[in-house]
Amino acid sequence: INAEYMGDFLSFCITQHGDQVKRYVVQHNLLSHVARLVEGGSPHTASTVSRFMKVVVARRDDTFNRLIIRGNLWSGMAKLFQQRSSSQNLFYSSMLSLLETVKRENARPLIGYVMETLNETLQPLLGLEVLQSLKKQWDAIKDKQSVLQAENGSDGDGMTAPLVDYGSDDDAEGRAAKKRKMETEEKASE
């Protein structure tokens, strides 16, 4: 099967079938398999991978975000993005679109991942508007985190509140239930 078609098919499945596909993606480690297609594939394949990752980010799912960060799945795309930055092609556009989606969704863990882990690779491209915007968002997140830490005081263990905030879920029970569900899914995926 053609890799481009497979990426588009998986994107469709994630969009239309949500949790059923999520379990399958986690159990079979599909995110890392798809990300590896960038390494030896054509620019069109890399573009498909980037579009697939955009769909994953738009899903606003913490499990997917953790898998991306833990596996450093965007490193190959970032290197290719940096190498091909002079030729503005389909892959370049799809990477810009992916970064715009991260910015628009305010996916804090992914913003941190891009700005901290991929920063060295993307350093030559920091003149791009989307990367400047992500850097401003990341600085604001870190500032907010340090203010919260100063207000609450350090509890001595060096732990801080997570930077993840995908919505206005002010209900503590809802957050606790969501956290238990994510931990259960994470254990099941290991």
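Good morning. A word of caution to start: the model is predicted.

Let's take the overall picture. The protein has 10 helices and 0 strands. Follow the chain and the pattern is one α after another, α-α-α-α-α-α-α-α-α-α. There are 190 residues in the protein, and buried ones make up 36% of them. Now the contacts. Take those between residues at least 6 apart in sequence: 71% of them join residues at least 24 apart. As for the surface, the protein exposes about 11000 Å². Carbon and sulfur atoms supply 51% of that area.

Next, the core. Which residues touch the most other members of the largest nonpolar core? They are Met 53, Ile 68, Trp 74, Met 77, Phe 81, Val 114 and Leu 131. The core itself has 47 residues.

Let's zoom in on Val 114. Set aside its neighbours within four places in sequence. Val 114 is then in contact with Trp 74, Leu 99, Asn 119, Leu 122, Leu 131 and Leu 134. Trp 74 and Leu 131 are also on the list of core residues that touch the most other members.

On to the aromatics. The whole structure holds 2 aromatic pairs. One of them joins Phe 81 and Tyr 92. Their ring centres are 5.3 Å apart and their planes sit at 35°, so this pair is tilted. Phe 81 belongs to helix α5 and Tyr 92 to helix α6, so the pair ties together parts that are 11 residues apart in sequence. Are these two buried or exposed? Phe 81 is buried, at 1% relative accessibility. Tyr 92 is buried too, with a relative accessible area of 7%.

That brings us to α6. This helix has 16 residues. From first C-alpha to last, α6 reaches 22 Å, close to the 22 Å expected at 1.5 Å a residue. Its buried residues are Phe 91, Tyr 92, Ser 94, Met 95, Leu 98, Leu 99, Thr 101, Val 102 and Glu 105. What do they pack against? The answer is α3, α5, α7 and α9.

Asn 89 caps the N-terminal end, with a side-chain oxygen 3.2 Å from the backbone nitrogen of Phe 91. Just after the helix, Asn 106 takes a positive phi of about 50°.

Why point out that phi? Most residues other than glycine have a negative phi. Two further asparagines deserve a look here. Asn 29 has a positive phi of about 55°. You will find Asn 29 in the loop between α1 and α2. It is partly exposed, at 40% relative accessibility. Asn 72 has a positive phi of about 50°. Its place is the loop between α4 and α5. Asn 72 is partly exposed as well, at 30% relative accessibility.

One last stop: Thr 48, in helix α3. At 2% relative accessibility, Thr 48 is buried, because the cut-off is under 20%. Leave out residues up to four places away in sequence, and Thr 48 touches Ala 3, Glu 4, Gly 7 and Asp 8.

That's the tour. Thank you.

Note on methods: Residues numbered from 1 in each chain as written. Predicted model: local features only at pLDDT ≥ 70, side-chain atom pairs only at ≥ 80, totals over all residues. Heavy atoms only, no water. Core = buried A, V, L, I, M, F, W, Y, C linked by side-chain atoms within 4.5 Å. Buried < 20%, exposed > 50% of the residue type's maximum accessible area, 1.4 Å probe, protein only. Contact = heavy atoms within 4.5 Å. Phe/Tyr/Trp six-rings, centres within 6.5 Å; stacked < 30°, edge-to-face > 60°. Helix = DSSP H or I, 4+ residues; strand = E, 2+ residues; numbered from the N terminus. Expected span 1.5 Å × (residues − 1). Polar contact = N/O pair within 3.5 Å; in protein donor to acceptor, adjacent residues only side chain to side chain. Areas by Shrake-Rupley, 256 points an atom, 1.4 Å probe, with all protein chains shown as cover.
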